[in-house]
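Let's explore a protein model together, one question at a time. Have the structure open beside you as you read.

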Amino acid sequence: MNIDSIKNGIVIDHITAGRGMEIYNHLHLGDLDCAVALIKNAQSRKMGRKDIIKIDEAIDLDLNVLGYVDPGVTVDVIRDGVLVEKKSIALPAELKNILFCKNPRCITSTEQELPHIFRLTDPEKRVYRCIYCETKAD
C-alpha cells in the first residue's frame with residue numbers, strides 16, 4: 001500500500017494499533033475539508049503494529065485529547081515537505097469538555113453552561129475525576 005507524503009500538514013504517529021479511529025472521532029477529523037488518511041495496523045519496528053493519521057493541512061489539534069486516548073503518540077508538523085517539529089504527548093493533568101460527568105447529581109447536570117472538567121488523580125492507573133463531584137470517569 002502506498003500513501004503519499006504530505007507537503008504541509010500533520011502526522012499523528014505511534015498510535016497504539018486499533019486506537020486510530022477513536023482519535024479520528026474525538027478530533028472530529030471527518031468534518032475537515034482536507035484529505036485525511038487513517039492507516040491501521042502499519043508495521044512498526046518499535047511497536048510491532050501501529051496506526052497513523054495523516055492530515056493534509058496544518059490545523060490546531062487538541063493535544064489533551066491525544067494524551068487522554070493514547071499518551072504515547074507523537075505529532076509531526078510538516079511544512080514544505082520537511083519535518084519542522086516533533087511533539088511527544090503525555091497524559092494531560094486536566095481535561096476540559098472531553099469527558100462528561102455521568103453523575104446525575106453533579107452540578108454539570110443542571111448547570112449545562114458549566115464546563116466538564118476532570119483532573120488526573122492517579123497517573124499510573126489513568127484515573128480522572130470530576131472536579132465538581134469527584135466521580136471517576138469511565
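Here are some questions and answers about this predicted model.

Q: Which strand gives the most residues to the lining of the largest pocket?
A: Start with the lining itself, which includes Ile10, Ala58, Val75, Val77, Arg79, Glu85 and Lys87. Two elements, spanning 74-79 and 82-88, each give two or more residues to this lining. The one that gives the most, with 3 residues, is β4.

Q: How many of the residues lining the largest pocket are charged?
A: Among the lining residues you can find Asp60, Arg79, Glu85 and Lys87. Asp, Glu, Lys and Arg are the kinds that count as charged. The lining divides into 7 nonpolar residues, no polar ones, and a charged group of 4.

Q: Is Ser44 buried or exposed?
A: Find Ser44 in strand β2, which covers residues 36-44. The relative accessible area of Ser44 is 13%. A residue counts as buried when this value is under 20%, so Ser44 is buried.

Q: Which residue's backbone nitrogen does the side chain of Ser44 reach?
A: Leaving aside neighbours within four places in sequence, Ser44 is in contact with Arg49 and Lys50. The backbone nitrogen in question lies 3.3 Å from the side chain of Ser44, and it belongs to Lys46.

Q: What separates the C-alpha atoms of Ile131 and Leu95?
A: Ile131 sits in the segment after β8, and it is partly exposed, with a relative accessible area of 28%. Along the chain, Ile131 and Leu95 are 36 residues apart.

How values were computed:
Residues numbered from 1 in each chain as written. Predicted model: local features only at pLDDT ≥ 70, side-chain atom pairs only at ≥ 80, totals over all residues. Heavy atoms only, no water. 1 Å grid on protein atoms, 1.4 Å probe; cavity = no way out; pocket = protein on both sides within 12 Å on 5 of 7 lines; lining within 4 Å. Helix = DSSP H or I, 4+ residues; strand = E, 2+ residues; numbered from the N terminus. Buried < 20%, exposed > 50% of the residue type's maximum accessible area, 1.4 Å probe, protein only. Polar contact = N/O pair within 3.5 Å; in protein donor to acceptor, adjacent residues only side chain to side chain. Contact = heavy atoms within 4.5 Å.
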